[in-house]
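Thanks for asking me to look this one over.

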Amino acid sequence: MKHYLGKALWLLFGVAMLSFLLAPVIFTAVYSVGESRYFQFPPQAWSLQWYTAFFRAQKFYDAMINSAILAVVVTPLCLLAALPTAHALARYRFPGQRWIDALVLSPLIVPGVITGVALLSLFRILHQDIGLVRMSVAMMVVCFPYALRALAANYQAVDPATEEAARDLGYGPLRTWWTITLPQLRTGLLAGAVFVFVEVIDNFSVNVFLVDLHSNTLPIAAYQHIRDVDDPLVAVMSTLLSILSVLLVLGFSRMMGQERMFKNR
Amino acid sequence: MKCRARLLLLPAAVLMAIFFGAFLVFAAVGMLTSAPGTPGYSAPLTFNNYLRFFTDPVGLGILGWTVIFSLLLTAATIVAGYPFAYLIARTQWPWARNLLLGVLLVTFLCGSISRAYGWLILLGRRGLVNEALMWTGLIDHPLALIYNVSGVFIALLHFTLPYFVLTVFGAIRAVPSQVEESARDLGASALRVFFQITVPLTLPAIVGGAALAFSLAISAFAFPLLLGGGRVRLISNYIYDQLFVAFDLPFAAAVSSLFLIVALAILWGFFAIERWATRAVYRRAG
């Protein structure tokens, strides 16, 4: 009897936590496809009119373009910078390595607002006024630890013996890295890309200090909209971003799954 | 060999130079004085901005309140997150584990503005929570759940929870369930097993996850901005106001430097506890 009671309590707790986690995502999606301007539950009529309105709104369109530019520029550059770093940290032993390890990850623990203000003071002195340039540099610095952590974890799984074998067969260091090491880093690159991409699209606290009048990103445009207007346009944006992140996770796990399939064969 | 390693570290060195260079400039800017009415600032170098913060009861109060708020939030994250991580790790149904982990991952990736907005809809005067409570007759006036501390707290808890649960989950999985079973077979009650076996063995992960939750809470900015409606001000919002309301970059920089020192000191405390807990686990294991 007591046993069943315990199980029922755990089940109840699990369901409660699940609803807590999903509630904001689900009800935002419901709000976005309702016809009403104000939140109603259940909605009296369904409509996609707010989606049309979202894509017609110039400020969201511009913000979407800016966010996309940022993500497309920063994601590959971040991975490109993290690749040699991960290699050096994994394959070489040098003094002060632990310090470098900690130093490189430090942007993760500094509060975003402080990073934002600090970079703003730097850019003021350098007279750099272009929002997209400032945000690209900032996002590279902020996201670098994400890319590096994903790649460093992956490097631990790469067997150095495969590299040594290639070297013994007469491959140069670059060719060894390109043909032997890099293909084994695919999961790390993918995971790093997803983390960096999501952070660049979502970042608010750093970018809000660096933006100029013409370079609003999606979160900043959303904040200004919520502050000034009461309609479901931001619900549309949130829902689209949620769908994007679900797709990224699904695609990611699928590619990982294929990877595993190849290994089994 | 060394030379090649140095070359490989070059991109990281450039990025770190920007990051730490920015902090140097910024600590120096904190010692300048803003020219009234303009966004500019000028010499001479003084410690006036730092002193001004220490003699300003409002700013000090906000900093103190931010630390207390973040510690409370960290405690709430542990209390709600640890049993949840335990449930995910120990459930007998693999599909339930995958479902819960998938949901955690999706909420984790959904973005902070989206989630803050979701809570704005749910907790508002005409939001779902108030409607539901009125419908059941528990209350007859809508509760004020947003534009005060409770809304910010709930939304931030939702934000920190996935980080904590995903950190602790792996550690609980790593404790063999046989250890718990044998304790139970020896007659220990379920609660005793939980608090004397599982919790102590996973303590390093709990402290590590708590440090993560704390660092997220203390840097919270968008959540109080959206859900606090100007009435809940954490230190990040205070800094933002110094910059965009008072146009005083030097003072904002000074406050940020002090805030950074406080945040890093507390995080360092967390890491010290984590090291101590790890050693304690090894001692128990012999």
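Two residues are in contact if their C-beta atoms, placed from the backbone, lie within 7 Å. Please also keep in mind that this is a predicted model.

1. From helix 5 of chain B, the residues B:L104, B:T107 and B:F108 meet B:P162, B:V165 and B:L166 of helix 8 of chain B. Sorted by class, this contact has 5 nonpolar residues, 1 polar residue and no charged ones.

2. Now for the geometry of that pair. Helix 5 spans residues 94–109 of chain B and helix 8 spans residues 149–174, and the two pack at an angle of about 135 degrees with their axes 9 Å apart. Because of that angle, helix 5 of chain B is oblique to helix 8 of chain B. The crossing of helix 5 of chain B with helix 8 of chain B is left-handed.

3. Stepping back to chain B as a whole, its secondary structure comes to 14 helices and 2 strands. Its C-alpha atoms fill a box of roughly 75 × 70 × 35 Å along the principal axes. Chain B has 286 residues, of which 43% count as buried. Take the contacts in chain B between residues at least 6 apart in sequence: 72% of them join residues at least 24 apart.

4. What about helix 6 and helix 9 of chain A? Their axes come within 8 Å and cross at roughly 155 degrees. Helix 6 of chain A is therefore roughly antiparallel to helix 9 of chain A. This crossing of helix 6 and helix 9 of chain A is right-handed. On the helix 6 side, the residues in the contact include A:C143, A:A147 and A:A150, while those from helix 9 of chain A include A:G192, A:V196 and A:E199. The contact of these two helices of chain A has 11 nonpolar, 4 polar and 1 charged residues.

5. Which residues have the most contacts inside the largest nonpolar core? They are A:C78, A:V117, A:C143 and A:A147, in a core of 153 residues. Helix 6 of chain A gives the most to this core, with 15 residues. If you click on A:C78, you will find that it touches A:M140, A:C143, A:F144, A:A147 and A:V196, leaving aside residues up to four places away in sequence.

6. Next, where the chains meet: 58 residues of chain A are in contact with 61 residues of chain B. Helix 1 of chain A gives the most to the side of chain A that touches chain B, with 14 residues. By class, that side of chain A has 47 nonpolar, 10 polar and 1 charged residues.

7. Two backbone angles deserve a look. Most residues other than glycine have a negative phi. Phi of A:H127, however, is near 55 degrees, a positive value. A:H127 lies in the loop between helix 5 and helix 6 of chain A. With 6 other C-beta atoms within 10 Å, A:H127 is exposed.

8. The second case is B:F247, where phi is near 50 degrees, again a positive value in a residue other than glycine. B:F247 is found in the loop between helix 13 (235–244) and helix 14 (249–285) of chain B. Is B:F247 buried or partly exposed? B:F247 counts as partly exposed because 17 other C-beta atoms lie within 10 Å.

Terms used. Residues numbered from 1 in each chain as written. Chains lettered and ligands numbered in written order. Predicted model: local features only at pLDDT ≥ 70, side-chain atom pairs only at ≥ 80, totals over all residues. Helix = DSSP H or I, 4+ residues; strand = E, 2+ residues; numbered from the N terminus. Nonpolar A, V, L, I, M, F, W, Y, C, P; charged D, E, K, R; others polar. Core = buried A, V, L, I, M, F, W, Y, C linked by C-beta atoms within 7 Å. Buried ≥ 20, exposed ≤ 12 C-beta atoms within 10 Å, placed from the backbone. Axes fitted to C-alpha atoms, helices over the stretch in contact; angles between N-to-C directions. Parallel < 35°, antiparallel > 145°, perpendicular 65-115°, else oblique. Left-handed = near helix turned anticlockwise from the far one by under 90°.
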